[in-house]
Amino acid sequence: MSERGWLVGASGARHRPGVPWPLSLAGVLLVAYLVVPFVFGLASLDTTAITGAIRGAATAGAAEVSAVTATVATLVVVVLGVPLAYVLARAEFVGKPIVTALVYLPLVIPPLVGGVLLLDTFGPYTPLGAWLGARGVAITDAPAGIVLAQVFVAAPYLVVASRVAFEAVEPSFEQVSYALGRPPLVTFLRVSLPLAWPGILAGVPLAWLRALGEFGATIMVAYHPTTLPVYLFVQFGAQGLHEALPVALVLVVLGAVAVAVVQAAGVRGRSQGVS
Amino acid sequence: MLTVALRARRGSFRLEVAFATDRRRLVLFGPSGAGKTMTLMCLAGFHTPDRGRVAVGETVLYDDRRRINLPPWRRRVGLVLQSYTLLPHLSVGGNIAYGLAPVWRGRERVRVETLLAAVGLSGYAERSPAGLSGGQRQRVALAQALASDPRLLLLDEPFSAVDAPVRERLRRDLLALVDAFQVPLVFVTHDFGEAYLLAETLVVIAGGRVIQAGTPADVAARPRTALVAQLVGASNIIAGTVAGLAGTGAVVAAGPLRVQALGDPPRRGASAMFCVRPADVRLTAPTNGRPLGTVTRVLPRDDTTSVVLSVGDLTLEAAVRGQAPAVGDLVGVDIPQGTARLVVQDAAIE
């Protein structure tokens with residue numbers, strides 16, 4: 001192909017476009033900054049502390065609570081966030097910049113404040129909380145409250161990633177689908193969504209990890225059942241910093257496993273032609 | 001029968017076009033930025049005009065007075081674009097099946113194979129669009145558009161990104177396809193050769209207006225304005241004054257030239273413009289009594305040589321077969337009777 005001609009050197013060998021060394025250096029510096037604290041922190045731990053922490057977290061059921069609530073929260077975020085992302089990517093309406101800003105809002109305000117706002121909305125002494133409570137739906141100190149807190153902080157990650165993914169879908173594909181007699185919802189499900197899916201999938205682990213690590217809003221809304229970050233805080237309060245640190249290790253491993261699973265699924269999807 | 005009358009806006013661009021045809025193949029032809037694609041988008045329902053009416057036979061797609069504006073998915077128009085028509089996540093067969101009209105339910109496989117055979121790609125159903133050549137992709141796009149049993153096919157420069165020999169085949173096959181499926185066609189192009197081949201009705205659009213419409217032969221033989229003359233290849237456009245009237249035209253004096261041009265004669269003494277094809281300009285030996293020109297450029301073409309001349313203050317191009325003069329040569333210039341046509345300046349049309 002002639003458009004690849006510039007990649008072919010005089011010897012006929014393909015040259016990869018090189019990465020300039022300043023870029024590599026910047027990348028190495030950032031990775032080092034992100035990794036080094038973990039190395040020093042974990043080096044200070046001994047194996048008994050780690051096994052004790054894992055056992056403790058398991059006793060508290062914190063890992064399970066975290067994994068389940070983060071997964072439910074991510075599902076909620078996907079079901080509501082993907083449509084919102086499509087609206088933001090395709091629709092023109094008055095106040096669109098305001099809605100866009102609102103999506104970013106949870107990133108700006110401290111999660112603790114987000115938790116207070118959620119309490120003011122869903123707390124037992126609010127009209128909504130009382131109404132729900134009368135129907136047996138507990139929000140505060142319940143898994144539902146944890147999910148609410150996690151959705152609040154995790155939604156922006158998925159919405160932003162999905163919006164970018166939808167905006168990258170060539171509008172002519174949707175036009176052709178309309179012209180073939182497929183109404184907007186069918187076109188969304190059979191054209192826009194499959195084409196944007198790899199980009200949306202990139203936002204899913206972001207949202208899940210943010211939900212998993214969520215602490216500030218959660219501790220305001222639901223101290224119980226204990227999630228890993230809350231358990232970490234409890235350990236820190238009760239036994240000090242070095243008893244809390246191994247719990248962080250459990251969190252890191254859980255997150256790493258989840259990212260690996262999603263990436264493997266993404267790679268399989270691509271090889272099956274989903275992308 | 002297709003009737004279109006539209007007034008539409010996009011930013012500062014204003015489109016105001018009206019045309020109609022009872023023939024099957026209509027070509028919208030004009031320079032880029034003329035409003036051809038915008039017209040097509042109004043027909044497909046992706047751009048809403050301010051006012052007007054679009055009807056295919058008895059079916060009204062848009063009528064501002066009757067408040068009819070069918071959404072694109074109810075218009076049943078097949079759309080083929082220059083690229084990005086085929087859905088990349090579906091196979092060739094999947095793309096065609098995606099477009100199938102509901103009447104084919106239960107007979108999808110057979111219909112897909114029929115359509116693939118019609119575009120000369122039998123057995124390609126399982127392939128991925130990414131593995132096809134540009135020409136094959138556009139064939140599948142045509143099959144996809146036909147799958148929906150469209151009442152109108154809209155094609156926006158569908159062959160522009162394809163290699164020239166393949167493009168010629170695609171044009172001929174499109175003619176056969178339109179006849180076989182008996183579907184009316186609106187085809188957008190900026191290539192006059194393509195427009196000439198495909199059009200039964202040719203609509204020339206520029207600056208958001210229809211500047212001429214008719215059969216391609218008629219438009220080519222009788223361009224009405226300087227721009228149409230330019231677009232159909234009568235690229236020598238010379239301004240002068242009317243020196244006399246002659247039957248169905250006028251004698252126009254321009255520099256050393258006195259040319260008898262056909263067309264609606266303006267009044268004597270008025271300024272006038274005529275056009276003449278380079279192939280109609282004859283070069284002779286420099287003899288007395290003939291306007292003389294100096295050769296300033298000589299450009300080889302595939303079957304002629306383009307010779308650019310200075311004739312007084314005028315520049316004239318001649319397409320010469322066989323032996324061409326050299327730069328600096330002095331030649332006689334002859335514009336035979338019946339080859340020049342009067343045209344009007346485009347700004348004059350409103």
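Contact here means heavy atoms within 4.5 Å. The views below show a predicted model, in which local features need pLDDT of at least 70 and side-chain atom pairs count only at pLDDT 80 or more, whereas totals for chains, interfaces and linings use all residues. Residues are numbered from 1 along each chain as its sequence is written, chains are lettered from A and ligands numbered from 1 in the order in which they are written, and side-chain values use heavy atoms, with hydrogens and water left out.

View 1. Not counting residues up to four places away in sequence, Thr339(B) touches Cys275(B), Val276(B) and Asp280(B). The side chain of Thr339(B) also reaches the backbone oxygen of Pro336(B), at 2.7 Å. Strands (E, at least two residues) and helices (H or I, at least four) are DSSP runs, numbered from the N terminus.

**View 2. A barrel of five strands in chain B.** The strands close in the order S12-S13-S14-S21-S15, with mixed pairing; two strands pair if DSSP finds at least two bridges between them. From one strand to the next the twist averages 55 degrees. Axes for such angles are lines fitted to C-alpha atoms, for helices over the stretch in contact, and the angles run from 0 to 180 degrees between N-to-C directions. Strand S14 (residues 257-262) and strand S21 (residues 340-343) of chain B run parallel and are joined by two bridges. Leu262(B) has Arg341(B) as its bridge partner in S21(B).

**View 3. An open sheet of five strands in chain B.** The order is S16-S20-S17-S18-S19, and the pairing is antiparallel. Strand S16 (282-284) and strand S19 (314-320) of chain B stand at the edges with a single partner strand each, so one side of each is left without a neighbour in the sheet. The twist in this sheet averages 45 degrees from one strand to the next. Strand S17 (residues 292-300) of chain B is joined to S20(B) by three bridges, and the two run antiparallel. Gly332(B) is the bridge partner of Leu292(B) in S20(B).

**View 4. The interface of chain B and chain A.** Here 22 residues of chain B are in contact with 21 residues of chain A. The area buried between the two chains (accessible area, 1.4 Å probe, that two parts lose on being put together, summed over both) is about 1800 Å², and carbon and sulfur atoms give 68% of this area. Trp73(B), His89(B) and Tyr98(B) supply 42% of the area that chain B buries against chain A, more than any other three residues. Strand S7 (77-80), helix H2 (92-99) and helix H4 (134-147) of chain B each supply at least two residues of the side that touches chain A. The largest share, three residues, comes from H2(B).

View 5. In chain A, a cis peptide bond joins His224(A) and Pro225(A), with omega about -10 degrees.

Terms used:
A polar contact is a pair of N or O atoms within 3.5 Å; within protein, one must be able to donate a hydrogen and the other to accept it, and residues adjacent in sequence count only if both atoms are side-chain atoms.
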